[in-house]
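User: I would like a close look at one part of this model, with the cut-offs spelled out as you go.
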Amino acid sequence: MIEQRIQQLRQQLQKANYAYYVLDNPIMEDAVYDQLYRELDTLEKENTHLITSDSPTQRVGDKPASQFVSLAHNIPLYSLENAFNLENLQAWQKRWQRYSEKENIESAEYVCELKIDGSALALTYENGLLIRGVTRGDGTTGEDITQNVRTIRSIPLKLNLENPPPIIEVRGEAFLPQMNLTALINKEKKTERLYLPILVTLPPEHYDS
């Protein structure tokens, strides 16, 4: 019964976290969330053998690491290139074709999306559980910032899939919206803290000289 209740609480909290931090559409009052969280935390402390790495209680307790270990990417994580006209795009296409032939890549699909100027990350999930988060680095080797990644609430510790693949790597950009970053700078400008490197351009008036 206790194990079932713990699982139920985790599912409720994970669903609420996703709605709040990813969809920006809260489905639970803060007081209700806090009550469920405290219940889960208490049950886990009383039954430590039931604690799992994907539990919501294991995210808040993570302290960001200040020293990182270098890890090689399984597949190079290249930076984006600029294309200002059709000729630039066609030249990139030819380079990609040469690379795909060399690596025996039979087919590929293209996706168009807005470019977000943040910090590139490669997240590895094993059987649906987050096991590693690595920065782009030089494209072939990055820094293991798994402990820091776990503190980012919009990144799931467990994939919401019934049958997750044995292993999958998700790549994207970690960033702060300008409004959030401005508020952070105003609040913490005199405090030394370690944050995930974020490449965001702000007007000069937001910085101290």
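With which residue does Glu-44 form a salt bridge, and how far apart are the closest N and O atoms?

Analyst: Glu-44 forms a salt bridge with Arg-10, and the closest N and O atoms are 2.8 Å apart. Because Glu-44 lies in helix H2 and Arg-10 in helix H1, this pair ties together parts that are 34 residues apart in sequence. The term salt bridge is used here for a side-chain nitrogen of Lys or Arg within 4 Å of a carboxyl oxygen of Asp or Glu, while helices (H or I, at least four residues) and strands (E, at least two) are DSSP runs numbered from the N terminus.

This is a predicted model, in which local features need pLDDT of at least 70 and side-chain atom pairs count only at pLDDT 80 or more, whereas totals for chains, interfaces and linings use all residues. Residues are numbered from 1 along each chain as its sequence is written, and side-chain values use heavy atoms, with hydrogens and water left out.

Both partners of the pair are covered: Glu-44 counts as buried because its relative accessibility is 1%, and Arg-10, at 4%, is likewise classed as buried. The classes are buried (under 20% relative accessible area), exposed (over 50%) and partly exposed (in between), with a 1.4 Å probe and protein chains only.

By the salt-bridge rule the count comes to 4. One of them joins Glu-39 to Arg-5, again with 2.8 Å between the closest N and O atoms; this pair links distant parts of the chain, with Glu-39 in helix H2 (residues 30–46) and Arg-5 in helix H1, 34 residues apart. Here Glu-39 counts as partly exposed at 28% relative accessibility, and Arg-5 counts as partly exposed at 25%.

Another salt bridge is formed by the side chains of Lys-45 and Asp-41, at 3.1 Å from N to O. Lys-45 and Asp-41 are 4 residues apart in helix H2, so about one helical turn separates them. An α-helix has 3.6 residues a turn, so residues three or four places apart point the same way. Lys-45 is exposed, with a relative accessible area of 61%, whereas Asp-41, with 22%, is partly exposed.

Helix H1 (residues 2–22) also holds Tyr-20, which is partly exposed because its relative accessible area is 44%. Together with Tyr-18, Tyr-21, Val-22 and Leu-23, Tyr-20 forms a nonpolar surface patch with about 500 Å² of accessible area. Such patches are made of residues with over 30% relative accessible area and no salt bridge, with nonpolar side chains (Val, Leu, Ile, Met, Phe, Trp, Tyr) joined within 5 Å and like charges within 9 Å.

Elsewhere in the chain, helix H4 (residues 86–102) has 17 residues and should span 24 Å at 1.5 Å a residue, which agrees with the 25 Å between its end C-alpha atoms; the expected span is 1.5 Å times one less than the number of residues. At the start of H4, a side-chain oxygen of Asn-85 reaches to within 3.1 Å of the backbone nitrogen of Glu-87. Just after H4, Asn-104 takes a positive phi of about 60° although Asn-104 is not a glycine. Asn-104 sits in the loop between H4 and strand S2 (119–126) and counts as exposed at 66% relative accessibility. Asn-127, also not a glycine, has a positive phi of about 55°; its place is in the loop between S2 and strand S3 (129–135), and at 52% relative accessibility Asn-127 counts as exposed.

Key: A polar contact is a pair of N or O atoms within 3.5 Å; within protein, one must be able to donate a hydrogen and the other to accept it, and residues adjacent in sequence count only if both atoms are side-chain atoms. Accessible areas come from the Shrake-Rupley method with a 1.4 Å probe; for residues, only the protein chains shown count as cover.
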